Protein chains: 2
Amino acid sequence: MMIIMIYSTSKKLFILITFVFMSACGADNSIGEQWRALNINNTVLLTLPHGKVVIELAPQFSPKHVEQFSALVKKSFYDDTKFYQVIDGFVAQAGPKEGSDKDKSVPVLAIEGQFAIDKNWSFTQVQKHDLFAGVTGFKDGFALASDNNDSAWLTHCPGTLAMARGKEAGSASSHFYFVIGQAPRYLDKIMTIFGRVVYGMEHIQAIKRTSVIEGEYAVDSREYTSITSIKLMVDVPLNERIVIEVENTESTDFSERLIKRRARESAFFYEKPPSVLDVCQVPIKSRIVKKSKI
Amino acid sequence: MMIIMIYSTSKKLFILITFVFMSACGADNSIGEQWRALNINNTVLLTLPHGKVVIELAPQFSPKHVEQFSALVKKSFYDDTKFYQVIDGFVAQAGPKEGSDKDKSVPVLAIEGQFAIDKNWSFTQVQKHDLFAGVTGFKDGFALASDNNDSAWLTHCPGTLAMARGKEAGSASSHFYFVIGQAPRYLDKIMTIFGRVVYGMEHIQAIKRTSVIEGEYAVDSREYTSITSIKLMVDVPLNERIVIEVENTESTDFSERLIKRRARESAFFYEKPPSVLDVCQVPIKSRIVKKSKI
């Protein structure tokens, strides 16, 4: 038996759909496929000196940021720039030398911290009333949250890619960061998230920290991690592409996994934890369809 | 002006103490010191091939686990063992080869997932009603939570050190893990947390992942990260010690920092986030008093 929960803003209620599958029939118990192929035009290959990272961009949520980031990537803007602000447990931030001609050459963007939703919009619900939002869930593999039926926003889970900015809302241009620690959800809505790591997060975690504690030797900027290159996957030679599929968060397989994750039925849980889920603590699976040996 | 919030189980209310300090007087605005020195008998130096990590143990919360772990450390039990289960965004787990004589030589421990509190017990409160507990806070630098006036437990924040176990509650012996991703709070109470990383978390994050995704080449066990050594700091030669102080979470400085962190008064927050704090997203500062150059 499988129960699918879909939150519908039009009906302002949760639709509970119950299916009974014959487990012996060998059929694929899916409504929608379990895996979703990434669009190579919205997928990025980040090459670091110590490993390769694949990122899915989110033009459906943050179109202007994806457009600008993609245009910069197309012209190799980030190649040889550095992760200059890397704080353990928080973020790894990269970009051109601040105040340089290169830095100032990029126009600022209006913030896209939230997006409008309407009565026809739906997503896969994870949790009502977490600490930061009325409801959380997933859409297209991205963790998100909402407080009403008018708007929603992507949440700052580990692996999130967002654009850095100055004090003003509309001051982001090219500097970006990855979340590398416990979700800083207080940044939700006031920063623009425009992608997420789908492969190689351990290499993001291995980026050299630039921030030191009191009493520690400062890190020489020559030790900062450099970006070897960032390319749109469509521009990567075929034999060097990493072809990734990600869990389809709109599938019944995924909804079933959420239910299991919440129920914790394994004997390991000799006492059941609270029947809740932190949207940032639900890993979305990826798999490799083809990986270059290079 | 400084407001201190102390949750008192005896009075079942929050005591709000307001102090007015003269910022011009140059005095140390502290009730209790801002920094706390670590006890070298309860501090561990973990040497990995790629860096050094300092851990504070928690005998006040998990005495039997600390006792057993310390005894194992004293006899160099973990030296040359490997991190054999390392899952990005989740945990890095180490221990002797499973089922080996060495593994079986260690007695199992009764779980210490919770500890009793009484009406005289106090802690520095962070948040009421987060997703997993009635109240969260800090005591002696450790993040914890409680649902009532009888018991509390340490929470699985990033950097937490806990003992692994089998299906049964009382099956932990020597295998341990560090949390390296979004807090898996569903493990609270049913695992024994007995320490936390106070220095070098980036080296824990750089431990070689052993878990791969579908379609990925398996990691050869020869690539697993080995433990060069684990020593109690008291047993480390003086000139090789890393002497750490940590924020005193019972100080007014710390309470003031919590208030500021919640209020987000910087102009950067052009829209204020919800006035809440995730106990696992409040970093406890460390500083180095003396570090060997070795």
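Setting aside neighbours within four places in sequence, Ser173(A) touches Gln68(A), Leu72(A), Asp103(A), Val106(A), Pro107(A), Val108(A), Leu109(A), Met163(A) and Ala164(A). This is a predicted model. Ser173(A) sits in the loop between β13 and β14 (176–179) of chain A, and its relative accessibility of 11% makes it buried, because the cut-off for that class is under 20%.

**Chain A overall**

- Chain A has 4 helices and 18 strands.
- Of the 294 residues in chain A, 55% are buried.
- Among contacts in chain A with a separation of 6 or more, 70% are between residues 24 or more positions apart.

**Interface of chain B and chain A**

- Chain B contributes 54 residues to the contact, and chain A contributes 54 residues.
- About 4,700 Å² is buried between chain B and chain A, with 60% of that area coming from carbon and sulfur atoms.
- There are 2 salt bridges between chain B and chain A.
- One of the pairs is Arg287(A) with Glu214(B), at 3.0 Å from N to O.
- Arg287(B) also forms a salt bridge with Glu214(A), where the closest N and O atoms are 3.0 Å apart.
- That pair runs between chains, from strand β18 of chain B, which holds Arg287(B), to the loop between α3 and β16 of chain A, which holds Glu214(A).
- Arg287(B) is partly exposed at 21% relative accessible area, and Glu214(A) is partly exposed at 46%.
- On the side of chain B that touches chain A, the elements giving two or more residues are α3 (201–205) and β18 (286–291) of chain B.
- β18(B) supplies the largest share of that side, 4 residues.
- By residue class, that side of chain B holds 28 nonpolar, 10 polar and 16 charged residues.

**Disulfides**

- The whole structure contains 2 disulfides over all chains.
- In chain A, Cys157(A) is bonded to Cys280(A), with the sulfur atoms 2.0 Å apart.
- The S-S torsion of Cys157(A) and Cys280(A) is about -70 degrees, so this disulfide is left-handed.
- Cys157(A) is in the loop between β12 (151–154) and β13 (160–163) of chain A, and Cys280(A) is in the loop between α4 (252–263) and β18 (286–291) of chain A, so the bond ties together parts 123 residues apart in sequence.
- Cys157(A) and Cys280(A) are both buried.
- In chain B, a disulfide joins Cys157(B) and Cys280(B), with an S to S distance of 2.0 Å.
- The torsion about the S-S bond of Cys157(B) and Cys280(B) is about -70 degrees, so that disulfide is left-handed.
- Both Cys157(B) and Cys280(B) are buried.

**Salt bridges in chain A**

- Over all chains, the structure holds 22 salt bridges.
- Glu56(A) pairs with Arg36(A) in a salt bridge, the closest N and O atoms being 2.8 Å apart.
- This pair links strand β5 (residues 51–57), which carries Glu56(A), with strand β3 (residues 35–37), which carries Arg36(A), and the two residues are 20 residues apart.
- Glu56(A) counts as buried at 6% relative accessibility.
- Glu223(A) and Lys208(A) form a salt bridge at 3.5 Å, N to O.
- Glu223(A) and Lys208(A) both lie in the loop between α3 (201–205) and β16 (229–232) of chain A, 15 residues apart.
- Glu223(A) is partly exposed at 45% relative accessible area, and Lys208(A) is partly exposed at 34%.
- Asp130(A), Arg185(A) and Asp188(A) are linked in a salt-bridge network.

Terms used:
Residues are numbered from 1 along each chain as its sequence is written. Chains are lettered from A and ligands numbered from 1 in the order in which they are written. This is a predicted model: local features need pLDDT of at least 70, side-chain atom pairs count only at pLDDT 80 or more; totals for chains, interfaces and linings use all residues. Side-chain values use heavy atoms; hydrogens and water are left out. Contact means heavy atoms within 4.5 Å. Buried area is the accessible area (1.4 Å probe) that two parts lose on being put together, summed over both. A salt bridge is a side-chain nitrogen of Lys or Arg within 4 Å of a carboxyl oxygen of Asp or Glu. Ala, Val, Leu, Ile, Met, Phe, Trp, Tyr, Cys and Pro count as nonpolar, Asp, Glu, Lys and Arg as charged, and the others, Gly among them, as polar. A disulfide is a pair of cysteine sulfur atoms within 2.5 Å. Buried means under 20% relative accessible area, exposed over 50%, partly exposed in between (1.4 Å probe, protein chains only).
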